[in-house]
Amino acid sequence: MSAVLTPADRARVDARLAATDELLDVAYPGDSGERQPVHTVYVPADRFTPDLAARWGAQALAAVDEAGGMERLAAHVGIADALVAPIAARVRAKLEAEPIEDLRLDFEDGYGDRGPAEDADALQAASLVAAAVAEGSAPPFIGIRFKCFEKPTRERGLRTLDLFLGGLVEAGGLPDGLVLTLPKVTTVAQVEAMAEIAGVLERAHGLPEGRIRFEVQVETPQLVLGADGRSPLAQLPTAAPGRITGLHYGTYDYSASLGISARYQSMEHPAADLAKEMMQLAVAGTGIRLSDGSTNILPIGERTAEAWVLHARLVRRSLERGFYQGWDLHPHQLPTRFLATYAFYRSGYFDAAERLHAYRERIEGAVMDEPATARALAWFVLRGVQCGAIGADEVLADIGIDEAGLAALAHPRLAAG
């Protein structure tokens with residue numbers, strides 16, 4: 001039987017679906033495959049010094065040693081016995097070499113209103129960040145959170161952003177790991193305004209189009225459900241194509257906005273889970289990353305042991321729900337951030353490695369993985385390698401693939417491109 005569809009028929013289908021094709025290309029390009037930090041640390045902007053990351057790492061290790069050592073802490077927070085020793089060694093090495101993966105100098109809630117004095121702090125922040133990057137002491141990702149675009153703080157936020165970026169350019173250029181955070185977003189228009197300003201700054205400083213990108217903080221109910229009954233979250237990828245790097249959940253602002261009393265404000269409150277599920281749906285396939293929020297129960301004083309258990313459990317909970325990044329507020333949260341994260345990847349690695357090896361070699365087994373599942377398995381292993389939980393040498397030995405090959409398996413569209 002011969003085919004009956006004519007070139008004209010196929011052309012009409014192409015014409016009908018042209019807008020769909022463009023939408024998929026622009027708004028849903030998939031993940032970039034680049035490293036995503038496992039956490040973001042926030043510090044008041046005027047307290048940053050180039051040695052801050054090293055100081056936080058030293059404080060974290062001192063707290064662990066005072067509590068009896070890394071292995072004891074790992075056991076205390078519920079790490080499986082078989083994982084304790086190898087994870088403890090890796091986490092200690094991590095805290096010595098790279099204790100902070102992503103650092104945000106905060107000009108918003110953690111800084112307050114200081115009027116014109118903020119100009120000097122913005123310029124000083126740019127100078128110190130540039131110095132830290134140049135000497136190699138800066139975390140891989142670093143930037144600022146400026147004040148939000150609501151009317152009372154809009155001018156101040158824009159001016160600080162302008163001065164900070166200008167200072168970086170004058171000091172030698174924008175660092176590769178630059179991250180900017182737009183807080184307290186309530187409408188799509190505020191994100192569109194930020195994208196417009198990014199373009200203005202790029203042209204003024206002779207930067208390539210699209211060089212300035214930013215995170216959006218999800219900490220107002222209006223961004224989750226708008227006045228028209230739709231979710232503005234779902235409109236963000238097309239409102240600022242290619243500009244938004246991540247959506248970060250704000251635990252306490254969001255909870256307070258819903259009238260939840262302080263005692264029950266938490267990353268695991270049902271209202272928080274609903275907002276984060278909406279975030280996941282809104283950016284699935286867009287390449288926009290997700291970050292969970294923070295817990296303000298800090299491991300200091302009499303609550304140290306309790307707070308470490310809580311923090312490790314919440315980190316693991318976020319990872320299990322597809323949020324591979326979160327916020328840390330204190331040096332003593334770093335050990336449990338990495339212990340829980342490394343345990344998550346190590347506990348799933350051997351099964352993932354076996355399945356990926358079988359998939360690549362077309363070996364039949366109890367599980368027959370589809371290409372989509374193989375991509376997810378590869379992405380899981382790649383994340384573990386990028387954060388230090390899994391060694392690239394292990395992957396090569398167990399799966400027969402190097403890190404570049406693993407990335408290509410996880411992101412075949414990028415490899416093809």
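Modeller: Start with a definition: a disulfide is a pair of cysteine sulfur atoms within 2.5 Å. Keep in mind that this is a predicted model.

Biologist: How many disulfides does the structure hold by that rule?

Modeller: The count is 0.

Biologist: What makes C148 buried or exposed?

Modeller: Its relative accessible area. Buried means under 20%. C148 has 5%, so C148 is buried.

Biologist: And which label does C387 get?

Modeller: C387 has 2% relative accessibility, and therefore counts as buried.

Biologist: Where is Q333 found?

Modeller: Q333 sits in the loop between β8 (326-328) and α14.

Biologist: How do you know whether Q333 is buried or exposed?

Modeller: Use the cut-off again: under 20% is buried. Q333 comes out at 0% relative accessibility, so Q333 counts as buried.

Biologist: What does Q333 touch, not counting residues up to four places away in sequence?

Modeller: Q333 touches T295, I297, L298, P299, H311 and D328. Touching here means heavy atoms within 4.5 Å.

Biologist: Now the helices. How are two packed helices described?

Modeller: By the angle between their axes and the distance between the axes.

Biologist: Which residues make the contact?

Modeller: From α13, they are W308, H311, A312, V315, R316, L319 and E320. From α14, they are T336, R337, A340, T341, A343, F344, Y345 and S347. By class, the contact has 8 nonpolar, 4 polar and 3 charged residues.

Biologist: At what angle do α3 and α5 cross?

Modeller: At roughly 145°, with the axes of α3 (residues 52-66) and α5 (residues 81-97) coming within 8 Å. α3 passes α5 in a left-handed crossing. G57, A60, L61, V64 and D65 of α3 meet R92, L95 and E96 of α5. That contact has 4 nonpolar, 1 polar and 3 charged residues.

Biologist: Last one. Where does A138 lie?

Modeller: A138 is in the loop between α6 (117-135) and β3 (141-145). A138 touches A132 and V133, not counting residues up to four places away in sequence. From A138 to E118 is 20 residues in sequence and 22 Å in space, C-alpha to C-alpha.

Notes
Residues numbered from 1 in each chain as written. Predicted model: local features only at pLDDT ≥ 70, side-chain atom pairs only at ≥ 80, totals over all residues. Heavy atoms only, no water. Helix = DSSP H or I, 4+ residues; strand = E, 2+ residues; numbered from the N terminus. Nonpolar A, V, L, I, M, F, W, Y, C, P; charged D, E, K, R; others polar. Axes fitted to C-alpha atoms, helices over the stretch in contact; angles between N-to-C directions. Left-handed = near helix turned anticlockwise from the far one by under 90°. Buried < 20%, exposed > 50% of the residue type's maximum accessible area, 1.4 Å probe, protein only.
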